Amino acid sequence: MSIKEVSLSSTIEVKIAWAETSYQEFKEHFLRNKVIRDGLKGLKDAILLSRREMGETGIARICTECEGREGGSCCGAGLENRYDGWLLLINLLLGQEFPDTRHDEKSCFFLRETGCLLYARHVICVNYLCKKITTRIDPQKISRLREKEGRELERLFFLHEEVKRVLRARFALEGELDR
Ligand code: SF4
Ligand code: SF4
């Protein structure tokens, strides 16, 4: 089959459809590749460590209160457009499924009642801390969190490039690349 790459300016629905089709078609091809398998494991571990650190700093609790009681979520509609098809494909490879529709029209497509549904998140989502947080959390705790998030983003960058390289090589091999 022919799979054209999707551009960053495509809608989130188009990007999700592309990622799901690529996942269905090439899942086995990816999982046979040791660099990708190790990259996925390394990324998963790094995400778990930075999420745990976020819980320990108290940030997760502040954000849950903010979203639940103050309606102050920073995950507004449109932020999902920062995500490209490759990052969505990585989320599928990590075991994340996507919903068909947005939960709240004022919010990011990926925000659900329980919070962000993505495992692998864009750098702007990982790095963002609002003033409410930076004024309430000890800077040393924030710096420990930044360290863990730095590793998560480094691993994500590497995997993102590798997934792209492997799939583009496969498309080229099959004469399917049509850009
Ligand atoms: S980062 Fe700030 S604005 Fe966003 S949910 Fe947390 S506390 Fe609220
Ligand atoms: S953290 Fe998740 S829900 Fe929030 S803007 Fe980023 S992708 Fe959307």
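User: What counts as a salt bridge here, and how many does a search of the whole structure find?

Analyst: A salt bridge is a side-chain nitrogen of Lys or Arg within 4 Å of a carboxyl oxygen of Asp or Glu. The search turns up twelve of them. This is a predicted model, where local features need pLDDT of at least 70, side-chain atom pairs count only at pLDDT 80 or more, and totals for chains, interfaces and linings use all residues. Residues are numbered from 1 along each chain as its sequence is written, and side-chain values use heavy atoms, with hydrogens and water left out.

User: Happy with that! Are Lys106 and Asp104 buried, partly exposed or exposed?

Analyst: Buried means under 20% relative accessible area, exposed over 50%, and partly exposed in between (1.4 Å probe, protein chains only). Lys106 is exposed at 63%, while Asp104 is partly exposed at 25%. Their side chains form a salt bridge, 3.6 Å from N to O.

User: Where do Glu162 and Arg165 lie?

Analyst: Helices are DSSP runs (H or I, at least four residues), numbered from the N terminus. Both residues sit in helix α7, three residues apart, or about one turn. Glu162 is buried at 11%, and Arg165 is partly exposed at 49%.

User: Which residues are linked in a network of salt bridges?

Analyst: That network joins Glu53, Arg144 and Lys148.

Technical notes:
Chains lettered and ligands numbered in written order. Helix = DSSP H or I, 4+ residues; strand = E, 2+ residues; numbered from the N terminus.
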